[in-house]
Amino acid sequence: MNFRTAGASRADIDFMRRALAIAEKGERKPGFGPIGCVIVIDGEIVGESSNEAEARHDPTAHAEILAIREASARLRTTELRGATLYSTLQPCGMCSMASIWARVGRIVYGAGRDQVHESYFEGRHLNTMDFINDAFRDDLEVVGNVLGARCAELYYRPGDDVPPSEQTNV
């Protein structure tokens with residue numbers, strides 16, 4: 001894995017802005033969540049979504065999973081080689097593994113786990129980047145903190161007093 005937190009391209013910033021718009025729209029809809037994801041191949045958006053777990057009554061309906069499903073269906077393939085997945089929040093373990101299995105070539109995320117409340121990451125010490133490190137995918141590039149401060153505004157911050165009803169991963 002090649003991980004970096006600097007050097008985002010203009011396209012990375014533009015597609016992250018699209019993911020932010022999707023997250024903001026999701027935040028306003030009942031049962032949806034403020035995480036946005038866009039999947040791009042050759043400069044074209046092939047899948048996008050916000051979190052819909054509550055609306056669908058499906059704990060796997062994270063933005064990244066739904067965007068991968070949309071892209072795969074649209075392209076009629078299970079492999080998204082050459083794709084870049086943009087997410088407003090560092091992908092969780094499930095979404096990281098789905099990206100690996102879908103053969104996504106790049107993951108670009110906004111806010112990292114150190115910028116948000118621990119409940120977004122099951123409140124545990126395991127960093128989801130460990131999944132990628134251990135997946136034997138040395139061809140997967142990860143770029144973090146793209147519009148990170150702006151993305152972090154969508155979420156509870158470290159040390160915030162999060163209502164128990166909203167701590168779904170703890």
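This is a predicted model: local features need pLDDT of at least 70, side-chain atom pairs count only at pLDDT 80 or more; totals for chains, interfaces and linings use all residues.
**Exercise 1.** Determine how the axes of helix 3 and helix 4 are oriented to each other.

Solution. 
- Step 1: Take helix 3 as residues 63–75 and helix 4 as residues 93–101; their axes come within 9 Å and cross at roughly 25°.
- Step 2: Angles under 35 degrees count as roughly parallel.
- Step 3: Helix 3 and helix 4 are therefore roughly parallel to each other.
- Step 4: The handedness of this crossing is left-handed.

**Exercise 2.** Identify the residues that make the contact of helix 3 with helix 4, and sort them by class.

Solution. 
- Step 1: Helix 3 contributes Glu64, Ile65 and Ile68, while helix 4 contributes Met94, Cys95, Ala98 and Ser99.
- Step 2: Sorted by class, the contact has five nonpolar residues, one polar and one charged.

**Exercise 3.** Describe the length of helix 3, its buried residues and what covers them.

Solution. 
- Step 1: The 13 residues of helix 3 reach 18 Å from first C-alpha to last, close to the 18 Å expected at 1.5 Å a residue.
- Step 2: The buried residues of helix 3 are Ala63, Glu64, Ile65, Leu66, Ala67, Ile68, Ala71 and Ser72.
- Step 3: Their cover includes strand 2, strand 3, helix 2, strand 4 and helix 4.
- Step 4: Just after helix 3, Arg76 has a positive phi of about 55°.

**Exercise 4.** Decide whether Thr84 is buried or exposed, and list its contacts beyond four places in sequence.

Solution. 
- Step 1: Thr84 lies in strand 4, residues 84–89.
- Step 2: The relative accessible area of Thr84 is 9%; buried means under 20%, so Thr84 is buried.
- Step 3: Leaving aside neighbours within four places in sequence, Thr84 contacts Val38, Ile39, Val40, Arg106 and Val108.

How values were computed. Residues are numbered from 1 along each chain as its sequence is written. Side-chain values use heavy atoms; hydrogens and water are left out. Axes are lines fitted to C-alpha atoms, for helices over the stretch in contact, and angles run from 0 to 180 degrees between N-to-C directions. Helices (H or I, at least four residues) and strands (E, at least two) are DSSP runs, numbered from the N terminus. Angles under 35 degrees count as roughly parallel, over 145 as roughly antiparallel, 65 to 115 as roughly perpendicular and the rest as oblique. A crossing is left-handed if the near helix is turned anticlockwise from the far one by less than a right angle, and right-handed if clockwise. Contact means heavy atoms within 4.5 Å. Ala, Val, Leu, Ile, Met, Phe, Trp, Tyr, Cys and Pro count as nonpolar, Asp, Glu, Lys and Arg as charged, and the others, Gly among them, as polar. Buried means under 20% relative accessible area, exposed over 50%, partly exposed in between (1.4 Å probe, protein chains only). The expected span of a helix is 1.5 Å times one less than its number of residues.
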